[in-house]
Amino acid sequence: MKAFLFLLIRRSLIPALLGMICVSAIAHAVEIPPQEGLELARKGFAGMTDFTAEITQEKQIALLKKTQTSSGQVRFRRPDTFYMEVYSPYASRLLLKDNILNMFLPTEGVRQKTVLPPEEGLRHWFSLFDRPVTRPPAGVEIRADRRGDTITLKIIPAAKKGVKEIRITLFTDGRPRRLAIEEQNRDRTIITFQKVRKNVGLEEKDFRIE
Amino acid sequence: MMKTDQFKAKKNIFRKRLFQNRICESAIFCLILFAAGCATTPKEQLPFRPGATIETVAAMVTISVKAPRVNTGGHGYMVYQRPDRFHLVMLTPFGTTALETYSSDDRITIVIPSKGEAYAGAFDEMPDDSPLKGWRMIRLMGVDEPLFDPMKKGTSEKSSKAHGEITSFYDAQGLLERKKFGGGEEVFFRNYQSEEGVPFPSVIEFIDRNGARVKITFDEPEINKPVDNAALVPNLEGISIHPLASFKGM
């Protein structure tokens with residue numbers, strides 16, 4: 001029995017404790033100036049032509065006091081193509097090519113195309129990464145911190161509209177790690193990126209929603 | 001001889017450790033299975049209670065709207081209170097709020113939080129070319145009679161000021177399957193499930209006389225639980241309000 005308990009401890013508790021120690025050792029975040037945070041993110045992203053990742057999306061619904069968790073995958077290719085698929089039970093596929101948004105709900109057979117204003121297109125946003133950041137963008141307050149090899153940018157829009165706060169965590173090589181969006185209606189969405197692979201050579205055929 | 005004994009002793013220790021390892025792994029495996037089993041225990045389905053009515057609903061929803069020139073839809077959530085108040089939230093694929101709709105009586109308010117805009121007016125003011133035109137039918141979801149009555153089989157007819165002649169179709173069990181309104185609209189109630197004895201159709205489909213279809217699929221519904229009144233009233237603080245007639249979509 002003693003040996004059994006010893007083994008149980010050795011196999012489950014010790015690794016968990018070691019993990020906790022490691023996490024607490026790297027958990028010390030240092031606040032850095034927003035420009036520095038943005039510049040670090042920009043530099044990391046500069047070396048990336050594309051990436052793929054598996055995602056877990058957690059939607060906390062304040063009104064229903066409920067959390068809905070889904071999983072899926074994302075793909076991105078510079079300069080302006082983004083694909084996201086969320087698996088069943090709330091299956092959806094989204095393809096954003098610059099400012100043209102295509103959405104497909106496979107279960108319902110719904111196809112939807114939306115043309116966003118050019119200033120909301122991916123090309124516009126990612127062109128901001130082409131030159132060094134000298135000052136934070138207007139209309140938002142930005143806070144940044146660095147924790148080991150990750151940078152967290154907290155973006156607070158000045159206008160009190162839909163989104164209250166966006167918190168994005170990236171590795172210094174540009175790979176996304178976590179995205180948290182808090183809304184004025186107290187809803188919260190957390191997207192966690194796993195198995196992120198960059199510069200895998202994604203092609204046009206990898207960005208089809210049907 | 002000595003070497004053979006030592007070998008046997010080592011072999012026994014090895015076997016003992018292997019056995020302990022197996023037990024340990026099995027224990028962890030059983031714990032995982034137990035946890036998984038707890039998470040997937042199906043909810044008890046009580047028999048339908050005759051005359052039980054739906055007073056409130058809070059649920060995740062999937063909506064599809066199909067009309068000759070419209071093909072749209074999405075996932076979201078909804079809070080409904082009998083007879084005709086609802087708050088519907090449609091989400092973007094990222095999980096953020098795309099659009100909120102509040103309805104009470106014959107009034108509807110559509111809020112687009114990201115733009116800080118709202119459109120309010122009577123359902124009939126919804127422009128004909130609006131992609132949400134079909135949503136007008138959602139007010140028909142309010143059912144003023146029980147969805148299950150074993151005495152009602154076949155059809156029953158009645159008339160109301162708001163909807164004119166209404167024909168209700170019941171199945172062999174006495175579950176309401178379909179309602180046909182004088183104006184040509186139809187509502188279908190499908191995939192009934194028992195929520196603590198209250199019959200609840202997990203799919204409701206509306207069809208208007210022009211062929212526009214609105215299908216709502218409910219997931220994880222909570223039936224007849226208290227609903228906070230604030231959940232059914234739009235908070236329009238800091239939002240610019242426009243007439244519903246000017247709503248052209250997102």
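This is a tour of a predicted model, one selection at a time.

Residues are numbered from 1 along each chain as its sequence is written, while chains are lettered from A and ligands numbered from 1 in the order in which they are written. In this predicted model, local features need pLDDT of at least 70 and side-chain atom pairs count only at pLDDT 80 or more, whereas totals for chains, interfaces and linings use all residues.

**Stop 1: where the chains meet**

Show both chains. Here 29 residues of chain B are in contact with 36 residues of chain A (contact: C-beta atoms, placed from the backbone, within 7 Å). On chain B, select helix H1 (2-39), strand S1 (56-67) and strand S2 (70-81); each supplies at least two residues of the side that touches chain A. Helices (H or I, at least four residues) and strands (E, at least two) are DSSP runs, numbered from the N terminus. Coloured by class, this side of chain B has 13 nonpolar, 14 polar and two charged residues. In that count Ala, Val, Leu, Ile, Met, Phe, Trp, Tyr, Cys and Pro are nonpolar, Asp, Glu, Lys and Arg are charged, and the others, Gly among them, are polar.

Next, select A:Arg111, in strand S7 (residues 110-115) of chain A. Beyond its neighbours within four places in sequence, A:Arg111 is in contact with A:Phe104 and B:Asn71.

**Stop 2: the core of chain B**

Select B:Val57, B:Ala59, B:Val61, B:Tyr77, B:Met78 and B:Ile110, which touch the most other members of the largest nonpolar core, a set of 45 residues. Such a core is a set of buried Ala, Val, Leu, Ile, Met, Phe, Trp, Tyr and Cys residues joined through C-beta atoms within 7 Å. S1(B) gives the most to this core, with seven residues. Centre on B:Ile110: not counting residues up to four places away in sequence, B:Ile110 touches B:Leu99, B:Thr101, B:Ala118, B:Tyr119 and B:Phe247.

**Stop 3: strand S3 of chain B**

Select residues 85-91 of chain B, which form strand S3. Six of the seven residues of S3(B) are buried. S3(B) pairs antiparallel with S2(B) over six bridges (strands pair if DSSP finds at least two bridges between them), and B:Tyr80 stands opposite B:Phe86. A hairpin of three residues joins S2(B) to S3(B). S3(B) also pairs antiparallel, over six bridges, with strand S4 (residues 97-104) of chain B. There, B:Leu88 stands opposite B:Thr101. Five residues lie between the strands of this second hairpin, where B:Gly95 takes a positive phi near 100°.

**Stop 4: helix H2 of chain A and its cover**

Move to helix H2 (residues 34-46) of chain A. Which residues of H2(A) are buried? They are A:Pro34, A:Gly37, A:Leu38, A:Leu40 and A:Ala41. These buried residues line one face of H2(A), because they fall within an arc of 155° seen down its axis (the arc is that of the directions from the helix axis to the C-beta atoms).

S8(A) and S9(A) pair antiparallel over eight bridges, and in their hairpin A:Gly148 takes a positive phi near 60°. S9(A) and S10(A) run antiparallel with six bridges; A:Ile155 stands opposite A:Ile166.

Definitions and conventions
Contact = placed C-beta atoms within 7 Å. Buried ≥ 20, exposed ≤ 12 C-beta atoms within 10 Å, placed from the backbone. Expected span 1.5 Å × (residues − 1).
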